[in-house]
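I looked up the domains, the contacts between them, the ligand surroundings and the salt bridges.

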Amino acid sequence: MSGNNNDRYLTFALGKGRLANKALELFEQIGIPCEEMKDKDSRKLIFVNEEQKCRFFLSKGPDVPTYVEYGAADIGIVGKDTILEENRRVFEVLDLGFGKCRMCVCGPLSAKEKLQHRERIRVASKYPVIARDYFHNVKHQTVDIIKLNGSVELGPIVGLSDVIVDIVETGSTLKENGLTVLEEICPLSARMIVNQVSMKMEYERISRIMQDLKKVLEQN
Ligand code: PRP
């Protein structure tokens with residue numbers, strides 16, 4: 001990306017963790033490096049690329065769509081799971097193709113029958129919105145959703161729930177805990193989201209970034 005005369009900073013919100021590192025690599029490949037962010041010991045929250053008039057910040061994944069909806073960030077990089085769960089008014093503009101995994105209903109094999117017979121089961125999940133939407137609107141099955149904040153696989157093991165709705169990547173967490181995928185809800189990957197006003201006001205810069213990213217993604 002070439003330098004520009006626009007004085008306004010374009011702000012990027014990145015979800016902390018695996019996705020952020022991969023996203024930074026991509027931005028570097030399209031000529032928007034953010035060297036400062038690579039310093040793992042830094043406690044700084046916001047990082048600036050003066051030359052490109054861009055700034056980056058890291059936040060908890062579920063907060064990324066919030067920053068983007070309110071325009072505190074023009075662009076966000078976040079998982080499709082978080083986009084579905086948070087349901088914010090943002091434009092989802094690009095599938096970045098990394099962070100591929102699946103949202104699934106998982107549990108012990110014995111729970112399969114309960115799913116087939118549409119029993120009123122308990123479903124534990126970090127994603128209550130996705131879980132509710134799937135059971136109520138897709139399967140038309142009445143269930144009780146229990147919100148958890150992590151290590152969701154514990155649900156069926158300790159008897160909190162019959163099944164879970166969770167992300168499956170390699171499947172090893174399930175396997176190590178004697179659980180299995182029972183139904184697949186949808187595929188997931190990292191996406192680029194854009195604030196709806198920024199898309200109009202900064203159309204040139206943002207569409208340029210999208211084009212450059214698409215090119216890099218095709219080459220990778
Ligand atoms: C996620 C997800 C599963 C695991 C799936 O958890 O919730 O537990 O990764 O990956 P796998 O199929 O490759 O084993 P995460 O590591 O984000 O932690 P959490 O349990 O605290 O949500």
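**Entry 1: Domains and their interface**

I looked up the distance between the two domains and found that the centres of domain 1 and domain 2, taken over C-alpha atoms, are 30 Å apart. I note that the model is predicted. The domain assignment places residues 5–99 + 189–219 in domain 1, and residues 101–187 form domain 2.

I then asked how many residues of each domain are in contact. I recorded 6 residues in domain 1 and 11 residues in domain 2. The area buried between domain 1 and domain 2 is about 660 Å², and carbon and sulfur atoms give 52% of that area. On the domain 1 side, the residues that lose the most area to domain 2 are Asp81, Leu84 and Glu85. Together these three account for 68% of what the domain 1 side buries.

**Entry 2: Polar links between the domains**

I searched the interface of domain 1 and domain 2 for salt bridges, and the rule finds 1. I also counted 5 residue pairs in polar contact between domain 1 and domain 2, both residues of each pair being at pLDDT 80 or more. Which element gives the largest share of the domain 1 side that touches domain 2? I found that helix H3 (residues 80–86) does, with 3 residues. By class, I listed 4 charged residues, 1 polar and 1 nonpolar on that side of domain 1.

**Entry 3: Ligand surroundings**

I listed the residues around the ligand, among them Lys126, Gly150, Ser151, Glu153, Asp166 and Glu169. The run from Ile167 and Val168 through Thr170, Gly171, Ser172 and Thr173 is also on the list.

For Ser151, a backbone N or O atom lies 3.0 Å from a ligand oxygen. For Glu153, an N or O atom in the side chain is 2.6 Å from an oxygen atom of the ligand. For Glu169, a polar backbone atom is 2.8 Å from a ligand oxygen.

Glu169 came up again in my salt-bridge search, where I found Glu169 paired with Arg18. The closest N and O atoms of this pair are 3.1 Å apart.

**Entry 4: Salt bridges in the whole structure**

One pair I noted is Glu69 with Arg89, whose side chains meet at 3.7 Å, N to O. Where do the two partners of this pair sit? Glu69 is in helix H2 (residues 64–69), whereas Arg89 is in the loop between H3 and strand E5 (91–95). I recorded that the pair links distant parts of the chain, 20 residues apart.

Definitions and conventions: Residues numbered from 1 in each chain as written. Predicted model: local features only at pLDDT ≥ 70, side-chain atom pairs only at ≥ 80, totals over all residues. Heavy atoms only, no water. Domains from an automatic or database assignment. Contact = heavy atoms within 4.5 Å. Buried area = accessible area lost by both parts, 1.4 Å probe. Salt bridge = Lys/Arg side-chain N within 4 Å of Asp/Glu carboxyl O. Polar contact = N/O pair within 3.5 Å; in protein donor to acceptor, adjacent residues only side chain to side chain. Helix = DSSP H or I, 4+ residues; strand = E, 2+ residues; numbered from the N terminus. Nonpolar A, V, L, I, M, F, W, Y, C, P; charged D, E, K, R; others polar. Near = heavy atom within 4 Å.
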